[in-house]
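Grab a pencil and open the model in your viewer. Try each exercise before you read its solution.

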Amino acid sequence: MFLQKLYTRLNNMENPSKACNSFRLLFTMSSLEEPLGFDKLPSMSTIDRIQRFSAGACRPRGDDMGLGNCWIDGRSCSTSNSCDEDYEEYTGEAFPWRRHVKDVSEGGTFNRRASSLSKNRMKFEYVCDSRYLPDHQCSCKCNDRGIHGITNKFLKGIPKFVKIVEVGPRDGLQNEKNIVPTSIKVELIRRLVSSGLPVVEATSFVSPKWVPQTYSMGNDYCWMQLADATDVMKAVCDLENARLPVLTPNIKGFEAAVAAGAKEIAVFASASECFSKSNINCSIEESLVRYHAVCHAAKELSVPIRGYVSCVVGCPVEGAIPPSKVAYVAKELYRMGCFEISLGDTIGVGTPGTVVAMLEAVMAVVPAEKLAVHFHDTYGQSLPNILVSLQMGISTVDSSVAGLGGCPYAKGASGNVATEDVVYMLNGLGVKTNVDLPKLMSAGDFISEHLGRQSGSKTAVALSRVTADASKI
Ligand SMILES: CC(C)(COP(=O)([O-])OP(=O)([O-])OC[C@H]1O[C@@H](n2cnc3c(N)ncnc32)[C@H](O)[C@@H]1OP(=O)([O-])[O-])[C@@H](O)C(=O)NCCC(=O)NCCSC(=O)C[C@@](C)(O)CC(=O)[O-]
């Protein structure tokens with residue numbers, strides 16, 4: 001919105017300057033097709049010029065105009081954003097668009113306006129491009145030092161490469177009530193692999209007869225969707241360039257998986273006693289004993305084992321799950337030989353606040369590089385949860401193409417975060433994934449068309465609109 005207003009204002013000027021042209025170029029470049037990352041920020045001198053030609057853009061809004069929050073008489077600020085500290089010294093604020101104050105001694109349209117409005121000729125600056133925050137319409141003067149500081153301060157913990165574990169064909173499709181034909185599953189896996197995803201969880205060797213003790217869906221649910229696990233695995237096990245793990249809840253599942261050609265498996269425990277019972281019909285401790293046996297058998301065959309912990313933040317029956325419980329189960333799985341532990345917010349109730357506490361507890365017992373995060377997007381918290389996890393040093397993220405999935409244990413629970421959305425965010429952060437977004441989206445379109453519904457990925461939906469609009473021109 002702010003960008004649009006600014007762009008319109010620039011367009012309406014009688015003598016558009018070079019600055020306007022630069023900005024127009026920036027705006028044009030900022031199509032939906034590519035995320036705006038820090039690398040896309042214009043040169044600071046461009047923004048400086050825009051600011052000079054666009055006094056309105058530097059003005060505070062509405063009743064802040066003049067002597068209000070932004071243009072103040074004196075040194076204090078009445079908004080919640082502190083205006084007194086210098087950026088360099090500031091450490092306590094969680095947002096990069098914080099203002100700071102600078103004495104202005106030379107002119108220009110912007111400063112003359114400041115001068116006429118403020119006795120002390122103070123002006124506020126955002127240290128970051130304010131287009132990320134449409135509500136904040138104050139000055140957007142930036143400088144390289146400021147941006148560098150921001151990237152250092154907020155992105156320094158983020159890994160340069162993130163491994164995405166695609167779980168759509170398993171975690172996504174297992175929740176589909178209508179049986180998806182094996183050939184569609186196989187084609188989906190092929191497309192996902194060809195998009196560059198390094199790991200695609202292919203299927204699950206669970207009991208197709210098992211009726212989960214559902215809390216909200218009645219007992220009309222079972223894992224029949226996975227009854228073709230052997231056929232799926234046999235069809236894809238020779239695919240190259242990706243690992244294709246499968247879920248195995250017990251020795252029986254493990255043996256069937258290996259017989260079908262699986263070269264990597266995953267076991268799945270829970271941090272919630274109730275969920276464990278409902279999902280795999282045993283207590284947490286019993287499941288650990290069971291998985292010990294599976295790990296032992298897998299090690300004999302040099303089959304790598306991934307471990308899942310479900311309900312790492314909350315359980316539909318038990319409510320909040322203590323981080324110490326999650327840490328305990330994660331540590332046990334790690335000790336029994338799982339090379340990676342995926343922490344699942346199964347019903348998607350986590351927020352960055354609860355996720356940080358949970359990760360802190362787990363990271364005290366399992367190294368960050370051995371952890372993955374697995375968020376369901378019920379409350380739209382997955383991306384912030386992933387971002388905070390990356391900032392804490394996690395570099396493996398589970399996701400599901402087109403946001404496939406759900407959870408039979410919690411009414412309204414959504415699928416995993418959409419892989420397309422994760423890739424889009426990581427691209428914007430300059431984090432490598434080796435995933436080709438258009439190819440990934442085509443895999444998402446493929447399965448969404450088959451399921452007869454729109455993709456659950458906001459990125460895929462937005463980008464398909466761009467293409468549709470373009471095709472009308
Ligand atoms: C664990 C069991 C088997 C226990 O179920 P049980 O009933 O206690 O097992 P059982 O050993 O008594 O066997 C009962 C029947 O199932 C058969 N059976 C037994 N095992 C298998 C097998 N592997 N494959 C095929 N068949 C099997 C077995 O042969 C027998 O058949 P029958 O003699 O009556 O004809 C069952 O509860 C089960 O399969 N649960 C799986 C549930 C499931 O798939 N849940 C979804 C996983 S997703 C998840 O957990 C979360 C995650 C990972 O996505 C992360 C997150 O989102 O947070």
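Some ground rules before the exercises. This is a predicted model, where local features need pLDDT of at least 70, side-chain atom pairs count only at pLDDT 80 or more, and totals for chains, interfaces and linings use all residues. Residues are numbered from 1 along each chain as its sequence is written, and side-chain values use heavy atoms, with hydrogens and water left out.

**Exercise 1. The overall picture**

Work out the secondary structure of the protein and what percentage of its residues are buried.

Solution. Start with the secondary structure: there are 18 helices and 13 strands. Here helices (H or I, at least four residues) and strands (E, at least two) are DSSP runs, numbered from the N terminus. Next, burial: 53% of the 473 residues are buried. Buried means under 20% relative accessible area, exposed over 50%, and partly exposed in between (1.4 Å probe, protein chains only). Finally, look at contacts (heavy atoms within 4.5 Å). Of those with a separation of 6 or more, 72% link residues 24 or more positions apart.

**Exercise 2. H15 against H16**

Find how helix H15 and helix H16 pack, and which residues meet.

Solution. Step one is geometry: H15 (residues 382-391) and H16 (residues 419-429) have axes 11 Å apart, at an angle of about 45°. So H15 is oblique to H16. Axes are lines fitted to C-alpha atoms, for helices over the stretch in contact, and angles run from 0 to 180 degrees between N-to-C directions. Angles under 35 degrees count as roughly parallel, over 145 as roughly antiparallel, 65 to 115 as roughly perpendicular and the rest as oblique. Step two is the residues: from H15 come Leu383, Ile386, Leu387 and Leu390, and they meet Asp421, Val422, Met425, Leu426 and Leu429 of H16. Sorted by class, that contact has 8 nonpolar, no polar and 1 charged. (Ala, Val, Leu, Ile, Met, Phe, Trp, Tyr, Cys and Pro count as nonpolar, Asp, Glu, Lys and Arg as charged, and the others, Gly among them, as polar.)

**Exercise 3. H8 against H9**

Solution. H8 brings Thr182, Lys185, Val186, Ile189 and Arg190, while H9 brings Asp231, Val232, Ala235 and Val236.

**Exercise 4. Gly403**

Which residues does Gly403 contact, leaving aside its neighbours within four places in sequence?

Solution. Locate Gly403 in the loop between strand S13 (396-399) and H16. Gly403 counts as buried, at 17% relative accessibility. Its contacts are Gly415, Asn416 and Ala418. As a check, the C-alpha atoms of Gly403 and Asn416 are separated by 5.5 Å, though the two residues are 13 apart along the chain.
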